[in-house]
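Please examine the structure shown below, and then work through the questions that follow it.

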Amino acid sequence: MAFPLSSSIISHKLFVNVSTTSFAPHRTFFPTHFSSSFNPMKGEEDRGRSGRPRIVCLSKKDLGKEFADPHSFPFLVHLSSISQRMSQLKNIIAIIVSVQITLSLPMVGSDSWSLSPANAILYSPDTKIPRTGELALRRAIPANTNMKAIQESLEDISYLLRIPQRKPYGTMEGNVKKALKTAIDEKDSILTSIPAELREKGSLVHASLIDGKGGLQALLQSIKAQDADKVSVSLASALDTVAELELLQAPGLSFLLPEQYLQYPRLTGRGTVEFTIEKRDDSVFSPVGGEERKTATIQVVIDGYSAPLTAGNFAKLVMDGAYDGTKLNCANQAIISDKGLDKNSGYTVPLELKPFGQFEPLYKTTLSVQDGELPVLPLSVYGSLAMAHSEDSDEYSSPYQFFFYLYDKRNSGLGGISFDEGQFSVFGYTTVGRDILPQIKTGDIIRSAKLIEGQDRLVLPKES
């Protein structure tokens, strides 16, 4: 039975001064503003606001505006005196003080959650943000729409496999049959999206996707056997084949760079960088399945499809040997390279972020995660590779300094999203040696960094 609230509008606003230290330089957190409006009458003016507590970041300018609002009913609370104000907040079950998170709660007596897409992204613990570098990189490939439909059908199986106890094998089978039908019926469309010189190879990969050892037919048989382990292995093979075919469809960038950035180095596809990390103390690396050594190897795939300028500048620095001998420093959830003041500096590249669902990157602007904006290459993945901010402006990335992000869900928002999501130019992911990252200590150095794949995709500006 529903219990209607009174017709009055109740508004609570909680201002909390939060002072934190970010893992990377030049990040500032502003006071956090918690507000909620309850209006069961849902008039036209308040329909979108009723029953939705929100936690957002305010600048000092915005904070001043809130005090000027006569309808705000503000409460000023210091963290040290929250307990003294609990009587004023008795209608709120729990207060979660965080940065850049929006939380939505249902109205009392309502039949549905009525979450907006933006609020759902941050509230749901099952937000479908990529959790591995491989998945994020696969989604970033600008491929044929039919291939993306196949990919999405198969990726849904990954989420179904996480269901404990009895798994929905019938739904999985339906997903594979749907993907198989698309692959067969749209063969001509898929192959004509591949450049002529690569079409023969594409035809072979397409045939492998359907009937190969790691193809869709094999995956279908694993599902019918209802063996979760075999399904997982077959699914990984099928998705690898999908990515291989998609990469053949993406010989270069799918968009034109702004004219003012054409003088920058750019990567028009994928590249692979191999780091050799060396211990500078008495400790050693202990790789999984390997012997203890003073050095260890890490490989990262850098993505020019979503961050061509950032990846291009980094690839050029690697080819110039700029990172050889660079010291590493461990901070909270990050491994940061030295600033490289004594090195040949790269280009001061503008902040570069490509929002999911958008055709091209945005420059010199961050993403508003609380409004539902998520990047194609998320920071919230263990081993993601990003550039630090410029010392002069957060609108630019550092020309040299990068970091590995050690994502930890325990220190993230409700949807498992990092508090710094959408604030840095992410341009790649660690694909080999993720187990080495937590063993790196401050003082360890990059003995060498080499661009082992992707030199043919690196476009350098003409020398003046």
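A residue counts as buried when its relative accessible area is under 20%, as exposed when that area is over 50%, and as partly exposed in between. The model discussed here is predicted.

Q: Is Tyr 264 buried or exposed?
A: A residue is buried under 20% relative accessible area. Tyr 264 has a relative accessibility of 11%, so this residue counts as buried.

Q: Which class, stacked, edge-to-face or tilted, describes the aromatic pair of Tyr 323 and Phe 402?
A: A pair of aromatic rings is described by the distance of the centres and the angle of the planes. The centres of Tyr 323 and Phe 402 are 5.1 Å apart, and their planes stand at 90 degrees. Planes over 60 degrees apart count as edge-to-face. The pair of Tyr 323 and Phe 402 is therefore edge-to-face.

Q: How many residues apart in sequence are the parts that this pair ties together?
A: Tyr 323 lies in the loop between α10 and β8, whereas Phe 402 belongs to strand β13. The pair therefore ties together parts whose separation in sequence is 79 residues.

Q: Where do the buried residues of helix α8 lie, seen down the axis?
A: In α8, the buried residues are Leu 216, Leu 219, Leu 220, Ser 222 and Ile 223. Seen down the axis of α8, they fall within an arc of 160 degrees, so they line one face of the helix.

Q: Which residue has its backbone nitrogen 3.2 Å from a polar atom of the side chain of Ser 398?
A: Ser 398 is in strand β13 and is buried, with a relative accessible area of 8%. The backbone nitrogen lying 3.2 Å from a polar atom of its side chain belongs to Tyr 400.

Methods. Residues numbered from 1 in each chain as written. Predicted model: local features only at pLDDT ≥ 70, side-chain atom pairs only at ≥ 80, totals over all residues. Heavy atoms only, no water. Helix = DSSP H or I, 4+ residues; strand = E, 2+ residues; numbered from the N terminus. Buried < 20%, exposed > 50% of the residue type's maximum accessible area, 1.4 Å probe, protein only. Polar contact = N/O pair within 3.5 Å; in protein donor to acceptor, adjacent residues only side chain to side chain. Arc of directions from axis to C-beta. Phe/Tyr/Trp six-rings, centres within 6.5 Å; stacked < 30°, edge-to-face > 60°.
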